[in-house]
Amino acid sequence: MLGKLLSAFSVDMAIDLGTANTLVYVPGRGIVLDEPSVVAIKQNEGTNKVLAVGLEAKQMIGRTPANIVAIRPLRDGVIADFDVAEEMIKYFITKVHNRKFFTSPRIVICVPYGSTPVERRAIKDAALSAGASQVWLVEEPMAASIGAGLPVTEATGSMIVDIGGGTTEVGVISLGGVVYSTSIRVGGDKLDESIVNYIRRKHNLMIGEATAEKIKIEIGSAVMPDDGEGKSMEIKGRDMVQGVPKYKAITQAEIFEALSEPVNQIVQGIKIGLERTPPELSADIVDRGIVLSGGGANLQGLDTLLRKTTGLPITIAENSLLCVALGSGKILEEMSSLGSVLCDN
Ligand SMILES: Nc1ncnc2c1ncn2[C@@H]1O[C@H](COP(=O)(O)OP(=O)(O)OP(=O)(O)O)[C@@H](O)[C@H]1O
Ligand SMILES: [Mg+2]
């Protein structure tokens, strides 16, 4: 009786704990939370107080006074700051519950394929200490494939490439398992970093991470614009010679150049994935092509570049930013048929 009562109050959830964004899916309700993975902390005489989490905290990045720090607890898809990650998960669970008292949900949470057992344990422990009663792990390429609607349990090979903030995960899925996968620690963050460095080198202008991300989303491109210049954008930063704030117009061709190195690393990762795929599954992939998911899939021209370099059909998944959360949520909803895709540990 008590158990029944408790379960009526418990809200099981699937969490896509991403380097850039955390999403929460609740069975029957869909995605109920989608916020940046950022925590703002106020440091005061050796004690730390959480000031803001998510969107509010992201707006503070690069703008905080000395005693406040905006932290991204995940780097390269894995936990870099355990305590802060735990606080963040706890905050999101409480927010989703929208209740004063705390219940202990069962949670499906995803991990990068390339994460080590220690890194996986850290993610599991963070969710447990944040209040989960049970935690299952699922590898990101599997969750992304399910979320993208690929036939993961059939005897046919599907290739998914999830380009997130921290990592690019290349996965070949067949019969409910990851047959081959590789995880490269290059994603949206590296693209932003490359833009910061390029603008500093070429224009003597210092810009922050957030500005770099805006530039990438607005005029970033994986291919050279047809007219050799493309769109342009006015950016603001600090002139490194005169030390004053300054405007500067930059072109899409410049950002293409800035991004070419990390974009090539992503392309190489995908090519290696194709080379190592068992032949029968390669044949399936030739027919079905590659599906791109994650925020980075939306980089302009990336699909065109991949079509050219691999000769394969390339599709960007619908709701590419949501695939991992939707897939993890579906596993939770259809545990009897999809439970076998969860990791053993
Ligand atoms: N239109 C766009 N063009 C290029 N990049 C984009 C676009 N929209 C979002 N991004 C980038 O996608 C990244 C976030 O994607 P996503 O939410 O899939 O990452 P994540 O799941 O948090 O990270 P990870 O899976 O690596 O832990 C950010 O780097 C963001 O700048
Ligand atoms: Mg992700």
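This is a predicted model: local features need pLDDT of at least 70, side-chain atom pairs count only at pLDDT 80 or more; totals for chains, interfaces and linings use all residues.

Visitor: How many residues surround ligand 1?
Guide: There are 20, counting a residue if one of its heavy atoms lies within 4 Å. The closest are Thr19, Ala20, Asn21, Glu213 and Lys216.

Visitor: What does the side chain of Glu213 do there?
Guide: An N or O atom in that Glu213 side chain is 2.6 Å from an oxygen atom of ligand 1.

Visitor: And what about the backbone of Ala20?
Guide: One of the backbone N or O atoms of Ala20 sits 2.7 Å from a ligand 1 oxygen. For Gly166, a polar backbone atom is 2.8 Å from an oxygen atom of ligand 1.

Visitor: New topic. Where is Arg72?
Guide: Arg72 is in the loop between strand 6 (68-71) and strand 7 (74-75). Strands here are DSSP runs of E, at least two residues, and helices are runs of H or I, at least four, numbered from the N terminus.

Visitor: Is Arg72 buried or exposed?
Guide: Buried, because its relative accessibility is 14%. The cut-offs are under 20% for buried, over 50% for exposed and partly exposed in between, with a 1.4 Å probe and protein chains only.

Visitor: Which residues does Arg72 touch?
Guide: Leaving out residues up to four places away in sequence, Arg72 touches Thr19, Ala20, Ser37, Val38, Ile61, Asp189 and Glu209. Touching means heavy atoms within 4.5 Å.

Visitor: Now helices. How do helix 6 and helix 7 cross?
Guide: Helix 6 (residues 188-203) and helix 7 (residues 209-219) cross at roughly 100 degrees, and their axes come within 8 Å. They are therefore roughly perpendicular (65 to 115 degrees).

Visitor: Which residues meet there?
Guide: From helix 6, Gly188, Leu191, Asp192, Ile195 and Val196 meet Glu209, Ala212, Glu213, Ile215 and Lys216 of helix 7. By class, that contact has five nonpolar, one polar and four charged residues.

Visitor: What about helix 5 and helix 11?
Guide: Helix 5 (residues 140-147) and helix 11 (residues 323-333) pack at about 90 degrees, with axes 6 Å apart.

Note on methods
Residues are numbered from 1 along each chain as its sequence is written. Chains are lettered from A and ligands numbered from 1 in the order in which they are written. Side-chain values use heavy atoms; hydrogens and water are left out. Axes are lines fitted to C-alpha atoms, for helices over the stretch in contact, and angles run from 0 to 180 degrees between N-to-C directions. A polar contact is a pair of N or O atoms within 3.5 Å; within protein, one must be able to donate a hydrogen and the other to accept it, and residues adjacent in sequence count only if both atoms are side-chain atoms. Angles under 35 degrees count as roughly parallel, over 145 as roughly antiparallel, 65 to 115 as roughly perpendicular and the rest as oblique. Ala, Val, Leu, Ile, Met, Phe, Trp, Tyr, Cys and Pro count as nonpolar, Asp, Glu, Lys and Arg as charged, and the others, Gly among them, as polar.
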